[in-house]
Amino acid sequence: MKIATFNINGVNKRLENLLAWLNAAEPDVVCLQELKAADAQFPKSAIEAAGYGAVWRGQSAWNGVAILARDSEPVLTRTELPGDPSDTQSRYIEAAVNGILIAALYAPNGNPQPGPKFDYKLAWHRRLASHAAELLETGLPVVLAGDYNVVPEPRDIYPTRSYDDNALVQPESRAAFRTLLDQGWLDALRKVYPEEELFTFWDYRRNRWQRNAGLRLDHMLLSRKLGRRLTGAGIDRDVRGQENASDHAPAWITLRD
């Protein structure tokens with residue numbers, strides 16, 4: 001089973017890119033972030049024609065998450081992260097696919113920091129950690145996949161001082177990610193590639209793609225039971241270099257049946 005996460009940065013603007021990648025990579029499950037489309041604008045027909053069922057929670061112009069499943073229909077279980085009924089941002093969705101609980105998430109960016117956006121980021125991650133702990137307690141096979149908007153370690157960003165004040169690399173942000181690992185979640189990409197340089201995001205500005213000035217923002221965390229089934233992982237870097245590309249590349253894992 002192949003499960004992927006892809007911050008598409010506008011599902012309709014980059015629909016052709018998405019469909020081409022689905023055809024080439026043939027993932028069984030895909031978690032999408034930054035749909036930047038209201039629910040009614042989600043390209044359901046085109047994705048169905050590509051062989052995928054889908055559930056989604058959109059938001060006009062911003063945010064938005066979805067889960068796609070090849071040759072099946074995801075069973076929707078949750079459309080928001082619990083813990084704050086007043087939070088209306090579309091950043092979290094869960095569905096069951098072939099016996100695995102899939103969570104697609106798009107964590108807040110948090111910039112500029114310090115300030116209310118950074119406070120919201122940290123509060124959102126606390127809610128995620130609380131819900132993640134509950135999911136672990138169920139003993140179910142679970143994947144938490146998406147754009148966490150956290151660079152976990154210094155090696156997950158190209159050598160630079162330009163991000164020193166950025167919310168993505170702050171000690172509080174990294175501590176939030178570490179909290180999940182300390183709970184027992186497995187960072188699948190780092191498990192497969194413990195020493196290698198891994199980037200999933202290259203900003204459009206300052207020729208960062210051309211210079212390979214990247215960051216690792218997109219992560220796939222596996223519950224204990226599912227971690228034992230991990231057989232491989234990768235990043236489809238070439239997708240980032242295509243015309244009209246998202247500023248993220250898809251990341252994926254493979255699991256033993």
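The lining of the largest pocket comprises eight nonpolar, eleven polar and eleven charged residues, where Ala, Val, Leu, Ile, Met, Phe, Trp, Tyr, Cys and Pro count as nonpolar, Asp, Glu, Lys and Arg as charged, and the others, Gly among them, as polar. This is a predicted model, in which local features need pLDDT of at least 70 and side-chain atom pairs count only at pLDDT 80 or more, while totals for chains, interfaces and linings use all residues. Residues are numbered from 1 along each chain as its sequence is written, and side-chain values use heavy atoms, with hydrogens and water left out.

**Overall fold**

- The secondary structure of the protein chain amounts to six helices and twelve strands, taken as DSSP runs numbered from the N terminus (helices H or I, at least four residues; strands E, at least two).
- For 257 residues a compact globule would have a radius of gyration near 18 Å, and the 17 Å of the protein chain agrees with this; the radius is taken over C-alpha atoms, and the globule rule is 2.2 Å times the number of residues to the power 0.38.
- The C-alpha trace spans about 45 × 45 × 40 Å along its principal axes.
- Of the 257 residues, 57% count as buried, a term that means under 20% relative accessible area, as against over 50% for exposed and in between for partly exposed (1.4 Å probe, protein chains only).
- Among contacts with a separation of 6 or more, 69% join residues 24 or more positions apart, contact meaning heavy atoms within 4.5 Å.
- The accessible surface comes to about 11100 Å², and 49% of that belongs to carbon and sulfur atoms; the areas come from the Shrake-Rupley method with a 1.4 Å probe, and for residues only the protein chains shown count as cover.

- On a 1 Å grid over the protein atoms alone, a pocket is an open set of points with protein on both sides within 12 Å along at least five of seven lines, a cavity is a set where a 1.4 Å probe fits but cannot get out, and lining residues have an atom within 4 Å of a point.
- Grid points are joined across faces, edges and corners, and a volume is the space filled by probe spheres set on the points.
- The second largest pocket, with a volume of about 180 Å³, has a lining of five nonpolar, no polar and seven charged residues.
- Helix 4 (171-183) and strand 9 (186-187) each supply at least two residues of that lining, and helix 4 gives the largest share, four residues.

**Arg-190 in the second pocket**

- Arg-190, one of the residues lining the second largest pocket, is found in helix 5 (residues 188-192) and is buried, with a relative accessible area of 8%.
- Beyond its neighbours within four places in sequence, Arg-190 is in contact with Glu-153, Arg-155, Asp-156, Glu-195, Glu-196, Leu-198 and Arg-216.

**Enclosed cavity**

- A search of the whole structure finds one cavity of 30 Å³ or more, and the largest cavity has a volume of about 60 Å³.
- Its lining divides into three nonpolar, one polar and six charged residues, including Arg-57, Glu-80, Gln-89 and Trp-124.

**Gly-10**

- Gly-10 lies in the loop between strand 1 (2-7) and helix 1 (15-25) and is buried, with a relative accessible area of 6%.
- The C-alpha atoms of Gly-10 and Gln-33 are separated by 8.5 Å.
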